[in-house]
Amino acid sequence: MKSAVVISLGASLLASCSGNRQNRETAKLPDKPNVIFLIADDIGYGDLSCNGSTTIHTPNVERLAERGVRFTDAHSVAATSTPSRYSLFTGHYAWRRDDTGIAAGDAGMVIRPEQPTVADLFKECGYTTGAIGKWHLGLGDKTGSQDWNGFITPGPADIGFDYSYLMAATADRVPCVFVENQRIVNLDPEDPVAVSYKEPFPGEPLGKDHPELLTKLKPSPNHGHDMAIVNGISRIGYMKGGKRALWEDENIADSITCKAVRFIEEHKSEPFFLYVGTNDVHVPRWPHPRFVGKSGMGPRGDALLQFDWTVGEIMAALEKAGIAENTLIVMSSDNGPVVDDGYADRAVELLGDHKPWGPFRGGKYSIFEAGTRIPMIVSWPARVKPGVSDALVSQVDLYASLASLLGKSLPEGAAPDSQDHLAAFLGEDPKGRDYVIEVAGALSVSDGEWKYIAPSEDAAYQKLTNIELGNSREEQLYNLRQDIGERNNQAAEHPEIVRRLKEVLEAEKAR
Ligand code: NG6
Ligand code: CA
């Protein structure tokens with residue numbers, strides 16, 4: 001339940017939303033666009049042909065880019081999923097809390113019911129809201145205490161989503177089931193689900209002891225994806241039961257896409273806000289047979305094509321429903337790319353010349369640019385003039401910017417780190433933010449030209465994934481205009497720039 005303060009503010013805000021409609025009508029702006037956040041998982045800047053890749057062809061994303069604004073300097077707040085999505089939904093920097101790291105499959109809700117979200121914003125403005133696909137923000141009250149066989153509460157409905165159809169965490173974490181409106185889909189009451197991240201269930205075979213049962217994918221050495229076996233793939237965590245409800249990995253993209261298309265069809269006559277989190281291209285990558293072998297890069301490349309297909313299906317559904325013109329799509333990714341993230345899917349050896357990270361250094365998990373400089377396209381045919389924007393934008397600002405679009409002032413305490421950069425997101429302001437702040441172990445701050453990375457004791461390199469994490473005990477300063485690959489640390493040469501950016505960071509931390 002939302003607090004009374006938020007509810008009463010919500011009522012007055014509704015009034016302001018409809019008041020604003022008058023203004024927008026006067027200005028001949030399209031009325032209440034539908035809004036879709038289409039968030040890929042682990043897709044890097046260089047993974048899309050619209051961003052210059054010649055090694056992969058993603059034609060549907062290209063089409064979306066051609067009808068929208070494609071950003072070259074867009075950022076997620078963090079280099080992994082949970083903190084990145086947390087900030088996207090709440091407009092609050094994940095690094096302000098110490099419990100927003102990669103969530104376990106049985107984590108309790110990271111966003112608590114009393115915390116305002118971007119979904120609340122839309123709901124208060126009369127939108128129907130939905131969340132479909134990858135969640136990774138916890139379900140239920142406390143870690144490990146969910147009633148998986150009943151109504152899992154609190155859940156997305158308590159943070160603004162009218163409808164939800166979700167994977168609780170990641171495809172490599174149990175429970176391997178979809179949860180629709182806070183109940184496991186297709187659950188046989190005679191075969192209840194049990195989940196544990198503490199100890200195995202006696203009698204349930206584990207990947208580490210039964211490699212012969214891993215008929216689809218085996219874990220990479222030392223990555224630890226060797227516990228519960230579901231569909232011939234071992235996962236992180238222990239699970240038993242729920243046989244009828246288990247997802248099949250090759251159908252995950254179809255399930256998510258179908259639910260998204262159905263949501264669009266069912267709500268085409270009213271304004272809606274839809275979050276779609278794809279499982280592609282997170283591990284384990286096991287795309288549908290119709291994509292297998294199509295990229296020449298193995299499952300990772302094929303999963304990219306599957307993602308592109310999802311984008312195409314969503315665009316087609318909007319067109320069929322006659323609402324493509326007035327639907328604002330934000331397509332982006334939660335964090336940068338990783339090649340081997342725990343399964344022996346030959347992603348490294350089949351990569352060839354493909355550079356998922358584009359021109360940037362690092363990758364997922366990294367405070368270097370590739371960790372958080374993510375692909376982003378904003379398309380809204382009724383309003384947005386197609387083009388390419390170098391504005392400095394951050395996903396944390398979508399909340400306040402969309403509030404501005406809807407003419408709604410935010411309630412006290414809502415989205416405290418979110419700034420209104422609507423003009424930048426619509427391609428009308430070429431500058432965007434004064435600076436972006438990111439987290440991946442260390443914190444960094446960049447004004448688009450200079451980037452400062454604060455010293456950190458964390459490891460500089462992640463052997464498992466072969467990713468440079470960017471951590472150093474020394475201060476780092478890079479000139480992104482001249483040195484996009486962050487090779488030349490200029491902290492010693494430019495103490496005054498270091499000081500200036502450090503002050504920005506310290507001031508933000510103190511806020
Ligand atoms: C890591 C997993 C990785 C992936 C990641 C979350 C290991 C060794 N690696 O801990 O496979 O699941 O968590 O990815 O367990 S994210 O994109 O959802 O943040
Ligand atoms: Ca991710």
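Buried means under 20% relative accessible area, exposed means over 50%, and partly exposed falls in between, with a 1.4 Å probe and protein chains only. By that rule Thr327 is buried, because its relative accessible area is 1%. Welcome to a short tour of this predicted model, in which local features need pLDDT of at least 70, side-chain atom pairs count only at pLDDT 80 or more, and totals for chains, interfaces and linings use all residues. Residues are numbered from 1 along each chain as its sequence is written, chains are lettered from A and ligands numbered from 1 in the order in which they are written, and side-chain values use heavy atoms, with hydrogens and water left out. Helices (H or I, at least four residues) and strands (E, at least two) are DSSP runs, numbered from the N terminus.

**The calcium site**

- Asp41 (OD), Asp42 (OD), Asp334 (OD), Asp334 (OD) and Asn335 (OD1) coordinate the calcium ion (ligand 2) at 2.2 to 2.7 Å. Donors here are N, O and S atoms within 2.8 Å of the metal (3.2 Å for Na, K and Ca), and since water is not among the atoms, sites may look incomplete.
- Along the sequence, the donor residues of this ion follow the spacing D-D-x291-D-N. Asp42, in the loop between β1 (34-40) and α2 (59-66), and Asn335, in the loop between β13 (327-333) and α7 (369-372), are 293 residues apart, so this pair links distant parts of the chain.
- Asp42 is buried at a relative accessible area of 1%, and Asn335 is buried at 0%.

**The open sheet and its helices**

- Ten strands form an open sheet in the order β7-β6-β5-β4-β12-β1-β13-β14-β2-β15, with mixed pairing. Two strands pair if DSSP finds at least two bridges between them.
- β7 (183-184) and β15 (387-389) are the edge strands, each pairing on one side only.
- β1 and β12 (residues 272-277) run parallel and are joined by five bridges; Ile39 has Gly277 in β12 as its bridge partner.
- Helix α5 (residues 252-266) packs on the sheet, touching β1, β4 (128-134), β5 (163-167), β6 (178-180) and β12, and its direction makes about 175 degrees with that of β12. Axes are lines fitted to C-alpha atoms, for helices over the stretch in contact, and angles run from 0 to 180 degrees between N-to-C directions.
- Helix α6 (residues 298-320) also packs on the sheet, touching β1, β12 and β13, with its direction at about 170 degrees to that of β1.
- Thr327 lies in strand β13. Leaving aside neighbours within four places in sequence, Thr327 is in contact (heavy atoms within 4.5 Å) with Asn34, Ile36, Leu318, Ser379, Trp380 and Pro381.

**Other covered elements**

- Strand β22 (residues 476-479) is covered on both faces: Gln476 and Tyr478 are buried on one side, Leu477 and Asn479 on the other.
- β22 runs antiparallel to strand β19 (residues 450-453), with four bridges joining the two; Lys451 stands opposite Tyr478.
- In helix α8 (residues 398-405), seven of the eight residues are buried. Gly407 follows α8 and has a positive phi, near 70 degrees.

**Backbone details**

- Two peptide bonds to look at are Thr153 to Pro154, cis with omega near 0 degrees, and Val174 to Pro175, also cis with omega near 0 degrees. Pro154 sits in the loop between β4 and β5, and Pro175 in the loop between β5 and β6.
- Asn186, which is not a glycine, has a positive phi near 65 degrees and is partly exposed at 46% relative accessible area.
- Glu486 has a positive phi of about 50 degrees without being a glycine, and is buried at 0%.

**Salt bridges**

- There are 36 salt bridges, each a side-chain nitrogen of Lys or Arg within 4 Å of a carboxyl oxygen of Asp or Glu.
- Arg112 and Asp141 meet in one of them at 2.5 Å, N to O; the two residues are 29 residues apart.
- Arg433 and Asp397 form another at 2.5 Å, N to O. Arg433 lies in the loop between α9 (422-425) and β17 (436-440) and Asp397 in the loop between β16 (393-394) and α8, so the pair ties together parts that are 36 residues apart in sequence.
- Arg433 is buried at 2% and Asp397 at 1%.
- Asp73, Glu369, Arg373, Lys451 and Glu486 are joined into one network by salt bridges that share partners.
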